[in-house]
2 protein chains.
Amino acid sequence: MGKKLTTRAEDYSKWYNELVVKADLAENSAVRGCMVIKPYGYAIWEKMQAELDRMFKETGHQNAYFPLFVPKNLFEAEEKNAEGFAKECAVVTHYRLKNNPDDPGKLVVDPEAKLEEELVVRPTSEAIIWNTYKNWVQSYRDLPLLINQWANVVRWEMRTRLFLRTAEFLWQEGHTAHATKQEALDEAMQMNDIYATFAEDFMAIPVIKGSKTENERFAGAEETYCIEALMQDGKALQAGTSHFLGQNFAKAFDVKFASKEGNLEHVWATSWGVSTRLMGALIMTHSDDNGLVLPPNLAPVQVVIVPIYKGDDQLEQISEVANQLAADLRAKGISVKYDDRDTQKPGWKFAQYELQGVPVRLAIGPKDLEKGTVELARRDTLTKEFVERDKVVEKVDALMTEMQQSLFNKARDYRDSHITSVDSFDEFKKVLKEKNGFISAHWDGTSETENKIKDLTKATIRCIPFNQEQESGSCVLTGKPSSQRVLFAKAY
Amino acid sequence: MGKKLTTRAEDYSKWYNELVVKADLAENSAVRGCMVIKPYGYAIWEKMQAELDRMFKETGHQNAYFPLFVPKNLFEAEEKNAEGFAKECAVVTHYRLKNNPDDPGKLVVDPEAKLEEELVVRPTSEAIIWNTYKNWVQSYRDLPLLINQWANVVRWEMRTRLFLRTAEFLWQEGHTAHATKQEALDEAMQMNDIYATFAEDFMAIPVIKGSKTENERFAGAEETYCIEALMQDGKALQAGTSHFLGQNFAKAFDVKFASKEGNLEHVWATSWGVSTRLMGALIMTHSDDNGLVLPPNLAPVQVVIVPIYKGDDQLEQISEVANQLAADLRAKGISVKYDDRDTQKPGWKFAQYELQGVPVRLAIGPKDLEKGTVELARRDTLTKEFVERDKVVEKVDALMTEMQQSLFNKARDYRDSHITSVDSFDEFKKVLKEKNGFISAHWDGTSETENKIKDLTKATIRCIPFNQEQESGSCVLTGKPSSQRVLFAKAY
């Protein structure tokens, strides 16, 4: 446990780093930029995985597994993709170590075991997958190919932060092949919608759906859709992306199919992914100065019961009540931990479960036994109340839904109150400085202007929102005509 | 579909390779020795994962995730482990590619992006994990640490075969830390028992539990327990291993804890794993010359329904029956596919599902409609019968259990009839040549003799079985005294 967390007001970034470690979510490892995801953090990730996997399968996708390595000659086949990732990739050049003749007990790379073709550790799998699809697709009957992979990928980032930006991270990457452009566009949109539903309904994180500008697009994509969330410090976080890849990869890897009409055509592609970065979004959306706050859907333990007792007799009586409560709650599908460890005091346990974001804490002491009550504490509101014992199950069951919704509402209200429309660049800078959040502004549509605004303010265009009316205006920087507002923000 | 499979009698090895590809389980990739696990194969692996994961969690283990890379200096810390894996590991030496100045559009390794410390792609994770545990363990209160990881690992094997031996493979690796030697020994034994239960009850693969000789032990282990299965060609396959690591890693990484008595002691360790190799065991235990045979527990589709029809009217009538049957079967928890594709003929579908090992095939034609029957085909026995429509669900439900058991019994009978006790080396060689399988023989306990037998016959000691009476005798090669028989076999 140790000392209290740095508060968000004191230093948001430090608060985040401390929380991730103290709540037992993840920590840095001996490998530069790579993290260890600790059991508690991994259990939350598993819940995300299970729900996403279910959603993917319900929409007809199947899982498969492709190699970790991409031979250099395949990696470079789709030029823009290669260019986008070449500067930050881990390269395997040798396949053996040998004893160091100068330093017994130590090992050195064996120069005789040099690979003829270097292998890139996948930063993303389009290249290796499209090289495989070449053999899987001959006829329109083989389409669509709807495949997803759960995997680790490596991007040699220079500045890393736990969950938000790590050299190795875990993700899923969907890779689909279609007979028509429209089908591929629809698929890319469908998957972006699935990410939005997942973020909002399961993670209680409100998101804005939109498309990326050319600057911010995935390397090799013709269109990138995204969901953008807003963190409590007013910075945006891209929580998921879905790409329409056109025929770029099909052409680079020569993937053609015979159409119903008998023509040989290149297939159309999408790819889409979310990663352990979502853990960062989760933490920064809901948590507070006391630690992690988890929506019930994502909590590995939804309810913890702590006995408050002196002596074994009291413990025995309390345990009887607690075990019955636990059984009744579990029968409702609620996950419960009864923590009767005698190695830690109740106060220590309270602080620990608060730090780890367990949604509901029940405490039972001798007075509760007398009165037939239980003390119920909500993690999200930090409120406590006494509940009659025979009302506890019903109350907790209702709270699971209520807390999930209430966390979403709170985050949505914050987000909505941090979307500011501005019509001048002075206003733009003022809002960024004083309030932060999303700035809705007109933009002339050029990368040049986008880059200039970034240089001047560090804000980038997070997306061109889908659900927004066309509105003519003039670019906030250049004054040139614009047909709709876009969302700017500083971003993670 | 293409032409028929090579038969097992013709060429067992070729049969296996063809089956893996034709049944859509896996295929070779563009990366030397690395496979692509195709959706159908991956769906089977997911079923194994889910069941194992459940068993691990029920016994108190939690999942976590550790880095893909092991810095060379950590890799070499436990000497025997390093020595065991150094000769076959992929090494990352650089973190960037750059444009090839001599060949525009091509990339080369950027010599300026050389890592100071090379990174080994994990062949197994003891080193990186024990380096982490150092910070997780201070007191006896922190023990036991019961952690599992689902991950990919890389071992640069020179001769690879799909599932059986691949450069990259998927596995789970458990890594536990304990306060006492006995606890660690018990854990290692418990996990080996879990593997045995999983193999027998879930995969219908009979296994023999035992311990490895020093020669065959995991590099860095003091004791390796294993489960050994027998394939249909009489070769053994090690299906899972569980290691007692003593204090070797704790000492190499200085992992100590304060005991209840206040002493500072090194912790005791285990590690244990099974991999996608189990897919190879599954295939070679049950399958036949018509293709894959799957125990119902592992079948992604347990029942397929194929309509036999001419014209849309007939199809409509058949579909009504089929959809009702499918719904009733699903209500029993049975997975069903109704294949009414009009792009393929029934005969093609029959062959395809046979090749892919779907346990039960139901066919419904116009005559069945008249008679109120369904044709039911069992994949394991290749038998067919007509079943009254209102008996189908009950019948299929019972078959799921019956086929699971019957596949196990068949494999066990084969295995049991291929354990031969021999008392002379001539007999040993004769059995190996004429019958193959496990050979139960006395051995003098030396690595020297074990190696000699291997050189002479290619047979190795698969295990020293646990459930076996002590029996004095003399070594089959040297005639020296021996106190128990061990199991020899040629192995995958």
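I took two strands as paired if DSSP finds at least two bridges between them, with helices (H or I, at least four residues) and strands (E, at least two) being DSSP runs numbered from the N terminus. The model is predicted, so I noted that local features need pLDDT of at least 70 and side-chain atom pairs count only at pLDDT 80 or more, while totals for chains, interfaces and linings use all residues. Residues are numbered from 1 along each chain as its sequence is written, chains are lettered from A and ligands numbered from 1 in the order in which they are written, and side-chain values use heavy atoms, with hydrogens and water left out.

**Entry: strand β20 of chain A**

I looked up the neighbours of β20(A) and found that strand β19 (residues 360-364) of chain A pairs with β20(A) in the antiparallel sense over 4 bridges, with A:Leu376 as the bridge partner of A:Leu362. Strand β21 (residues 384-388) of chain A also pairs with β20(A) in the antiparallel sense, over 5 bridges, and here A:Glu388 is the bridge partner of A:Thr373. I noted that β20(A) and β21(A) form a hairpin with 5 residues between them, and that A:Leu382 in the turn has a positive phi of about 60°.

I then checked burial (buried means under 20% relative accessible area, exposed over 50%, partly exposed in between, with a 1.4 Å probe and protein chains only). In β20 (residues 373-378), 6 of the 6 residues are buried, so the strand is largely enclosed by the rest of the structure. In a regular strand the side chains alternate between the two faces of the sheet. I found A:Thr373, A:Glu375 and A:Ala377 buried on one side, and A:Val374, A:Leu376 and A:Arg378 buried on the other.

**Entry: aromatic pairs**

I counted rings of Phe, Tyr and Trp (its six-membered ring) as a pair if their centres lie within 6.5 Å, with planes under 30 degrees apart as stacked, over 60 as edge-to-face and the rest as tilted. The count comes to 36 aromatic pairs over all chains. For A:Tyr225 and A:Phe466 the ring centres are 5.4 Å apart and the planes stand at 75°, so I recorded the pair as edge-to-face. A:Tyr225 lies in strand β12 (residues 223-230) of chain A and A:Phe466 in the loop between β24 (460-465) and β25 (473-474), 241 residues apart. A:Tyr225 is buried, with a relative accessible area of 7%, whereas A:Phe466 is partly exposed, at 29%.
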